[in-house]
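Here are my notes on the model, point by point. Please keep the structure open while you read.

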Amino acid sequence: MRVKLEGDIADVRVLIGHPMETGLRKDPKTGELVPMHFIKTVVASLNGNPVMKAQWSRAMSRNPYMQFRVKGAKEGDEVAVAWVDNHGESNSATSTVPAAR
Amino acid sequence: MAAAILLAGQLALTGSASRADTTPAEDRRAFVQFFSERFPGVALEDYVYGAMIANPGAREQYEQIMEFPPFIGDIEKGKQLWERPFKNGRSFADCFPNAGHNVVGHYPLFDQARRKVVTFEMALNDCLRSNGEPEMAYDAREPMGVLTAYARMLSDGMAMNIHVETPQARTAYEAGKALFFRRIGQLNAACAGCHLFNAGKTMRMEIISPALGHATHWPIFRGGEELMTFQGRFRRCMEQMRAVPYGFASEEWNNLEYFLAYLSNGLPVKSSVFRK
């Protein structure tokens, strides 16, 4: 996750490592369908308060990259991005807003 | 103009050896002169951006992607491979000066004792072999590909500094140059036909990159995902010319890499880059 501060807007970029399988792809070696495995919900928070909720589907590609901007941020605030996938697995990352450049 | 005539003379001798009466330094100067006329106003160090020197819009998008490239995970994997100690306690850093920093600009080098060109990937395998570890396959994405994705970055910014000093090294250099100018495959095309004489022009909806700068920027991540080493690109190119590719770490490809790296002397190394 990379966070930049421009004025009072935090520009957040996050790269999530996830296979994002659609369930429609066949394994090239076995010929079997690779089961669906994709992120369903993403929640971005600023200092613990949710600022963005996203509902993703299997249409998102592998290793999704997301960028969003949050107004009302200042240096030292904590940005968190958490996701849950269709298997119930989850992960999250946090980053502190740096000084404005 | 003199540069173009000199270089055209190399291609005219199809099938036979290219001219060996020009020194490597003269060859390099001829290439630089030729491209400076073809791409006026492009700084020498910008040739590491390949086809993007002829497409400012692409270069801008490239810079945006490189701020947070999608292949960060692969570089991280490479870092773990580089730092993991061997069974005997040593690690890759022990096999190179400066713990592996600022070494890639010297590769490929000519190993006078073994009488052959040694690429950086071969040096990594030499390190494994001398420490009793199994060697890596040159065409495998993991571990060799991702390892080089990290290991080469330790030399980023270093100026390419290839030496051709002994008669044996010169022979290898000339063999690489001959392959560069030789027509191959069903399409009967030479590397020089595209990457020298038609650099900057469009073919198959892509801008052809100049050979100057080719050796500096590996591995590439095509589409941000497909990791390709320099010799991996040789394979793809030869397949596209409908020629039977030589093998990874073959004498032919090692000599070609040696020639191309010498041409890029002075240009900065920039590893693990995004390409379309």
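Which strand order does the open sheet of four strands in chain A have? See point 2.

1. Ground rules. This is a predicted model: local features need pLDDT of at least 70, side-chain atom pairs count only at pLDDT 80 or more, and totals for chains, interfaces and linings use all residues. Residues are numbered from 1 along each chain as its sequence is written, while chains are lettered from A and ligands numbered from 1 in the order in which they are written.

2. Sheet of chain A. The order is E4-E3-E6-E7, with antiparallel pairing. Strands (E, at least two residues) and helices (H or I, at least four) are DSSP runs, numbered from the N terminus. Two strands pair if DSSP finds at least two bridges between them. E4 (49-55) and E7 (90-96) of chain A stand at the edges; each has a single partner strand, so one side of each lacks a neighbour in the sheet. On average, neighbouring strands are turned by 15° against each other, direction ignored.

3. The E3–E6 pair. In chain A, strand E3 (residues 39-46) and strand E6 (residues 78-85) run antiparallel and are joined by seven bridges. Look at A:Thr41: its bridge partner in E6(A) is A:Val84.

4. Domains of chain B. The assignment, automatic or from a database, gives domain 1 (2-68 + 159-275) and domain 2 (72-109 + 117-155). Their centres, taken over C-alpha atoms, are 24 Å apart. The contact takes 20 residues from each of the two domains. Contact here means C-beta atoms, placed from the backbone, within 7 Å. On the domain 1 side, H9 and H10 of chain B each supply at least two residues. H10(B) gives the most, with five residues. That side divides into eleven nonpolar, eight polar and one charged. Nonpolar covers Ala, Val, Leu, Ile, Met, Phe, Trp, Tyr, Cys and Pro; charged covers Asp, Glu, Lys and Arg; the others, Gly among them, are polar.

5. H9 against H10. In chain B, H9 (residues 230-240) and H10 (residues 251-263) pack at about 110°, with axes 11 Å apart. Axes are lines fitted to C-alpha atoms, for helices over the stretch in contact, and angles run from 0 to 180 degrees between N-to-C directions. H9(B) is therefore roughly perpendicular to H10(B), a class that spans 65 to 115 degrees. B:Phe230, B:Gln231 and B:Phe234 of H9(B) meet B:Trp253, B:Leu256 and B:Glu257 of H10(B). These contact residues are four nonpolar, one polar and one charged.

6. Between chains. Four residues of chain B are in contact with six residues of chain A. The chain B side has three nonpolar, one polar and no charged residues.

Definitions and conventions
Parallel < 35°, antiparallel > 145°, perpendicular 65-115°, else oblique.
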